[in-house]
Amino acid sequence: MARVGSKAEVRAAVAGIRATGSTVGFVPTMGALHDGHLSLVRDAKQRCDTVIVSIFVNPTQFAPGEDFERYPRRIEEDSALLQTAGADLVWTPSTDQMYAPDAQVTVEPGALAARWEGEVRPGHFVGVATVVAKLLNVVQADVACFGEKDFQQLAIVRRLALDLDMGCEIIGCPIIRDSNGLALSSRNAYLSAEERAAGLSLPAALEAAHAAVGLGERDGRRLEAIMREAVAAHAGDAMALDYAAVVDPSTLEPLERVGEVGRAIIAGRVGATRLLDNRALTSA
């Protein structure tokens, strides 16, 4: 497995791969890798001959006061994990390599970014959309794999690739959870034992909504109330909910009633750490 830093090195590597007739899969990450990231690499490896992984903690998607400075950075450990997962090339650009000092153009992600994380973290998705567009432009992959845990981000990236004619298929991969049900996240490393226990209120709320749908509940507002009640029962004041909602998985707009498809989304803060989770709801 090779490791490069510059865009020119990535483009040269991709040109060499293309010259052999091989396909390219791409997994963009911010590092601090866990089994969720590695599942994306394995998925990409099943779809493509060669897999490129980027590790870049993107400053433009963090607001002032968020955890950019303390976000875990462990390139050597991450590189070892990626080698075991089957990655072929790791791209670790610096901020200076990614952004010119006089850069002016950003990507406006549109209506999909207006609600939920977009309301809680103003400007976040402009940073995400801009860096994803830049990464996809450099790698020119056949497919790129993203985790469903960041469900709103996945929807925005799919729309970005479509609207900007990226020519790259965006693959959404299932959420990977630890043994007690907490969705894996690099930020889980911040959690104390008590905070981790409170974090379990999120998957518990999603399960409560799913169970209610199974018993015939279809009303979106009632399902949201069920999720909030479950969080309160499991975590009390330890979890400060930002939102709990039932949405259309394509538009991310709230659903009055769950039909054939729906998505329960939930996010909140426990201690100094924000957690988010989601799951499909279906009346079938």
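This is a predicted model: local features need pLDDT of at least 70, side-chain atom pairs count only at pLDDT 80 or more; totals for chains, interfaces and linings use all residues.

User: What about the overall dimensions? What radius of gyration does the protein have?

Analyst: It has 19 Å, which agrees with the value near 19 Å that a compact globule of 284 residues would have. The C-alpha atoms fill a box of roughly 55 × 40 × 40 Å along the principal axes.

User: And what's the fold built from, in helices and strands?

Analyst: Ten helices and nine strands. Of the contacts with a separation of 6 or more, 71% are between residues 24 or more positions apart.

User: How much of the protein is buried?

Analyst: Buried residues make up 52% of the 284. The accessible surface is about 12900 Å², and 51% of that belongs to carbon and sulfur atoms.

User: Let's zoom in on H3. Which of its residues are buried?

Analyst: H3 covers residues 75-85, and the buried ones are Asp78, Ser79, Leu82 and Ala85. Down the helix axis they fall within an arc of 120°, so they line one face of H3. As background, an α-helix has 3.6 residues a turn, so residues three or four places apart point the same way.

User: What do those buried residues pack against?

Analyst: Strands S1 (2-4), S3 (50-55) and S4 (89-91), plus helix H2 (35-47). On the other side of H3, Glu76 and Thr84 are exposed.

User: Switching to backbone angles: which residues other than glycine have a positive phi?

Analyst: Ala32, at about 50°, and Trp116, near 55°, are among them. For context, most residues other than glycine have a negative phi.

User: Where do Ala32 and Trp116 sit?

Analyst: Ala32 is in the loop between S2 (24-29) and H2, and Trp116 is in the loop between H4 (95-98) and H5 (117-120). Ala32 is buried at 2% relative accessible area, and Trp116 counts as buried at 11%.

User: Last one: Asp67, buried or exposed?

Analyst: Asp67 is buried, because its relative accessible area is 11% and the cut-off is under 20%. Asp67 is in the loop between S3 and H3. Leaving aside neighbours within four places in sequence, Asp67 contacts Phe62, Arg187 and Tyr190.

Methods: Residues are numbered from 1 along each chain as its sequence is written. Side-chain values use heavy atoms; hydrogens and water are left out. Helices (H or I, at least four residues) and strands (E, at least two) are DSSP runs, numbered from the N terminus. The radius of gyration is taken over C-alpha atoms; the globule rule is 2.2 Å times the number of residues to the power 0.38. Buried means under 20% relative accessible area, exposed over 50%, partly exposed in between (1.4 Å probe, protein chains only). Contact means heavy atoms within 4.5 Å. Accessible areas come from the Shrake-Rupley method with a 1.4 Å probe; for residues, only the protein chains shown count as cover. The arc is that of the directions from the helix axis to the C-beta atoms.
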